[in-house]
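This briefing sets out selected features of the structure shown below. It treats two chains in turn and groups the points by topic.

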Amino acid sequence: MMMDIFMRRQALILGTLSLVTIVVLWQLVVDFGIVNPFFISTPGAVWQEFLVQLNDGSLLTNILATLYSFALALGLAVAVGIGLGMLSGWFQDVEAALEPFIWFKYSAPTVAFYPLFIAWLGYGTPTIVAIAFLFALTPIYANTLSGIKNVDRDLKRAAISFGARPYDIFFRVALPGSVPVIVAGLRLGVGRALTGVVVAELFGANAGLGYSIAYYAQMLQTNRMMVPIVTVILLGVILTQALSYVEKKTDAWRVTHDN
Amino acid sequence: MAEIEIRNLGIDYRKPNSDELFAAVDNVNLSVGEGEFVSIVGSSGCGKSTLLLSVAGLVKITRGSITIGGKTVTGPGPDRAVVFQDASLLPWRTVLGNVRFGLEMQRWTGGDLTKQAMSMIKLVGLARFADYYPHQLSGGMRQRVNIARALAVDPEVLLMDEPFGALDAQTREIMGGELLRIWESDKKTALFVTHDIDEAIFLSDKIVVMGRNPGHVKEVITVDLPRPRTPEILDSERFTEFRRRLRAHLAADMAGMHFMEEAA
Amino acid sequence: MAMVATSARDTGKTGTAKAWRPARSTIVSIVSVAVFFILWQVAPDLGWVNGRFTSQPSQVFLAAIEVLLNDDFFYHARISLTEFFLGFALALVVSIPLGVLLGTSQTARYLIDPPLMALYIAPTLVLLPILVVWLGIGMASKVAVVFLGALFPIVVNTMAGMREADPKLIRAARSFGASRLDVFVRILVPGSLPSILTGIRLAVGRAVLGVVVGELFVSQAGIGYQLNTYGSAMRIDRLLVYALVVSAFGYTLTVLVRALEGRVRTWRPE
């Protein structure tokens, strides 16, 4: 019985175990004087701070501000990424026209252009959304492109043999077939959108988790700073896991092509 | 059902990354009568699949003509349906969904799609599995869905490109019997490509033997074994005789191939 | 063989093919880039956009020359490069042994894997302010950001590389009497080289990001510092020059590592 439960919930159990291990190690490292608590704080102190920030509403405000920018950026990235990705995947000319710019975007760290965005859009939400949008765009576009472009040739041939026209093939074969790849791209995009928002908030914002990290860092208040840091990490894990779950669901029919 | 008339057929391909042309198939003449089950056999590279796919309208021909029931073939059409070696089932659709797919593509107007699809699914013996997904089925079952899909659009001609090639020997035998049972119900004109001699003799009324370099028809053998065919025929003298004739053809090809590989 | 009848697209035009003919997609790409540059140059002049915000190719070109000659370009470049390579070297020294250790020990893997993956996905850049608190606004904090950025991809990929070792090779080696150490040195390490290089390639991207973001956040010198300066001063032309320098650097490194990766992967028959 116990083994059964263990096997099925393996990931969850191990995850929790290692989380606990980290917390314990964290506490020990400070207790034994290896690291000065000023630098990394202690689990206890962080927990206290967490409660404080939760109660006075500041944590929630920041989380909401970050999620707001996140949602905007992700929404834009999904719309543009999937839209352009489909066009590029289906029409070779579109892919060829966009390729140099995508390639450039790949090699250029978006953040290097951050001051440019500040100059154009000023400090605040528009810049944050712009940066996070660009961060998240790449995997979503790339995966959508790949999914549509690499439609299973056997399926395409079978469809043509039954008289399918190009738009039949797009909507009935290419599109459904590329759903798993697109969802995988979304999973990557979600992580990057969050990163983009938080990093942009470090620089210029008046609310949000990144903002509060930078704010408390400036005031050298490590305890307070750890709360948003941990929150960001947790948020990232939750969002990515949620999408992994969706990924598995949509992948169900892809189990094996041969037995 | 219609007759297939192939005259002076030639199909040239351009070699990849060059402008050189080579003839996959040349000077092929073939007649298939209504309701005949004709197999095409030959060693690899003799163009048998190419020939079949040109009748399907999926491969452009360079010379000659193909007519079905008097109409020239210019592309895929509702009068023909193809059963490929790869089942090519849409993995996100159920068995029913997949059999309906051909009907949907052809904008079928002959009544309720589901009813038509289900009657074919019953015919191939998969009524119980109509709601299953391809990944839940065995290879043989998937091919049966493939066949059902082709039959559902009620084509004049059934074209099959090594449909059992990817299955293990035992399943292949079973499927051969199944195919005949299904075919007997309507006796559609059928073209069947295979490299399995026994399968060809067992199933067909005529066997077209092809040779390579370039692909051409070496001989057309009439298999006048009585129908309906039963597994016992495999041991009969006449069957063995046919087998001998076909193996002689293929052996000749093998010898030729061997020389070519050494020269290259 | 082309089984599906298509239009001329697959077979191409008949006849002459003696001279090298650029593919259609290449032409479209080139035209696309050309149109972009032309628009970029012409739009400010025509008043479609404000040239102060977008600059122009000609201005950027001139600024590039200015920067290379007059600005303290090489001074700033040296600072950023030092931060980059120092941080990266430290990451290599720590991450590869760590990855090897974790890759070969089952128990270590079970314990460390989930938090490791969490940290790999988590944006280490978020720790930037904390690193500045610890290490100050000088080069040290940037080195630390680079170190953290490069650490995780290399560890995770090294671990994966260790697990990727072909069990058949190991079995063959064992049948010839190879000891565990032999197997480790002769099979596991060379076999995991491609994955390690993949990790390094991914780490390069994060490391470049680390230097730039670190310097943008707070610094006294470096490429990022210059980016900030010119951004605030609305000298978009010079800003773009520095941004392009960063892009070129990141791109070149990635290409080099990719090439190395390719060479090494050919040793493995897939």
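The model is predicted. In chain B, the domain assignment gives domain 1 (35-62 + 73-79 + 157-263) and domain 2 (88-154).

**Domains of chain B**

- The C-alpha centres of domain 1 of chain B and domain 2 of chain B are 25 Å apart.
- Contact between the two domains involves eleven residues of domain 1 of chain B and ten residues of domain 2 of chain B.
- On the side of domain 1 of chain B that touches domain 2 of chain B, the most is given by H5(B), with four residues.
- That side of domain 1 of chain B comprises nine nonpolar residues, two polar residues and no charged ones.

**Strand E8 of chain B: pairing**

- Strand E3 (residues 37-41) of chain B pairs with E8(B) in the parallel sense, over four bridges.
- Within that part of the structure, Ile40(B) has Val193(B) in E8(B) as its bridge partner.
- Strand E7 (residues 157-161) of chain B also pairs with E8(B) in the parallel sense, here over five bridges.
- Val157(B) has Thr189(B) in E8(B) as its bridge partner.
- From E7(B) the chain passes through helix H5 (residues 169-184) of chain B to E8(B), in a β-α-β crossover that is right-handed.

**Strand E8 of chain B: burial**

- Strand E8 (residues 189-193) of chain B is mostly covered, with five of its five residues buried.
- In a regular strand, side chains alternate between the two faces of the sheet.
- In E8(B), Thr189(B), Leu191(B) and Val193(B) point one way, whereas Ala190(B) and Phe192(B) point the other way.
- The residues pointing either way from E8(B) are all buried.

**Chain C**

- Chain C contains twelve helices and zero strands.
- Along the sequence, the pattern of chain C is accordingly α-α-α-α-α-α-α-α-α-α-α-α.
- The radius of gyration of chain C is 25 Å, whereas a compact globule of 270 residues would have one near 18 Å.
- Taken along the principal axes, the C-alpha atoms of chain C fill a box of roughly 75 × 70 × 30 Å.
- Of the 270 residues in chain C, 38% are buried.
- Among contacts in chain C between residues at least 6 apart in sequence, 75% link residues at least 24 apart.

Note on methods:
Residues numbered from 1 in each chain as written. Chains lettered and ligands numbered in written order. Predicted model: local features only at pLDDT ≥ 70, side-chain atom pairs only at ≥ 80, totals over all residues. Buried ≥ 20, exposed ≤ 12 C-beta atoms within 10 Å, placed from the backbone. Helix = DSSP H or I, 4+ residues; strand = E, 2+ residues; numbered from the N terminus. Pairing = 2+ DSSP bridges. Right-handed = clockwise from strand over helix to strand, strands pointing away. Domains from an automatic or database assignment. Contact = placed C-beta atoms within 7 Å. Nonpolar A, V, L, I, M, F, W, Y, C, P; charged D, E, K, R; others polar. Rg over C-alpha atoms; globule rule 2.2 N^0.38 Å.
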